[in-house]
Amino acid sequence: MPSKLFSAEHVSYGAAPFTKVQLGYNSRAKCLNLIVPGSTKGALQVVGGFGDPEGPQVSLDGETCTIGSAVTARFINEAVAAEFATCLGFAPPAKVPETVPESAPCTPPARAAKSTVAMSSTPPRVKRAKLAEIMEEPVEKKKA
């Protein structure tokens, strides 16, 4: 089957609004057609050139799909809109998994209470001995 049909709630083609219409994508012709119920003229080609590098850009925003700059289609729900956009060659952006940032490293807990007391206190100040205390009484020279 070369064509795939999608029911749309509202389609804007330029400034012309259409409600309760169908959009048909012809994969062989690479074009999008607008089918208005009750019309005797058949389908109207609204966009062509899908698959070409300079072809129309397809974007998806919830229930609304925008094709190029001239066509905007609103569907019944997001699932139908996503299926329509995928049919036109729209590749939804890959979802990036959320990563939880790692916390910064911290100081590990103390091992024992004794070591924390010893480490947290300042060592006593060293007292220097005075020169006079170090020297013994002067040695007298013996007279011979």
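**From a strand pairing to an aromatic cluster**

In strand β4, Leu-44 is the bridge partner of Leu-34. This is a predicted model, in which local features need pLDDT of at least 70 and side-chain atom pairs count only at pLDDT 80 or more, while totals for chains, interfaces and linings use all residues. Residues are numbered from 1 along each chain as its sequence is written, and side-chain values use heavy atoms, with hydrogens and water left out.

Let's follow the strands from there. Strands here are DSSP runs of E with at least two residues, helices are runs of H or I with at least four, and both are numbered from the N terminus. Two strands pair if DSSP finds at least two bridges between them. β3 and β4 run antiparallel and are joined by five bridges; five bridges also join β2 to β3, again antiparallel. Leu-34 in β3 stands opposite Leu-23, and Leu-23 in β2 stands opposite Phe-6. The hairpin of β2 and β3 has four residues between the strands, and Lys-30 there takes a positive phi near 55°.

Now step back to the whole sheet. Its seven strands form an open sheet in the order β4-β3-β2-β1-β7-β6-β5, with antiparallel pairing. At the edges sit β4 (43–48) and β5 (58–61), each pairing on one side only.

What lies across β1, β2, β3, β5 and β6? That is helix α1, where contact means heavy atoms within 4.5 Å. The helix runs at about 115° to β1; axes are lines fitted to C-alpha atoms, for helices over the stretch in contact, and angles run from 0 to 180 degrees between N-to-C directions.

The structure holds three aromatic pairs. Rings of Phe, Tyr and Trp (its six-membered ring) pair if their centres lie within 6.5 Å; planes under 30 degrees apart count as stacked, over 60 as edge-to-face and the rest as tilted. Phe-6 and Phe-84 are edge-to-face because their planes stand at 80°, with centres 5.1 Å apart. This pair links strand β1 (residues 3–13) to helix α1 (residues 78–87), 78 residues apart in the chain. Phe-75 and Phe-84 make a tilted pair, 4.9 Å centre to centre and 45° between the planes. Phe-6, Phe-75 and Phe-84 form one aromatic cluster. Relative accessible area is 5% for Phe-6, 1% for Phe-75 and 0% for Phe-84.

Key: Buried means under 20% relative accessible area, exposed over 50%, partly exposed in between (1.4 Å probe, protein chains only).
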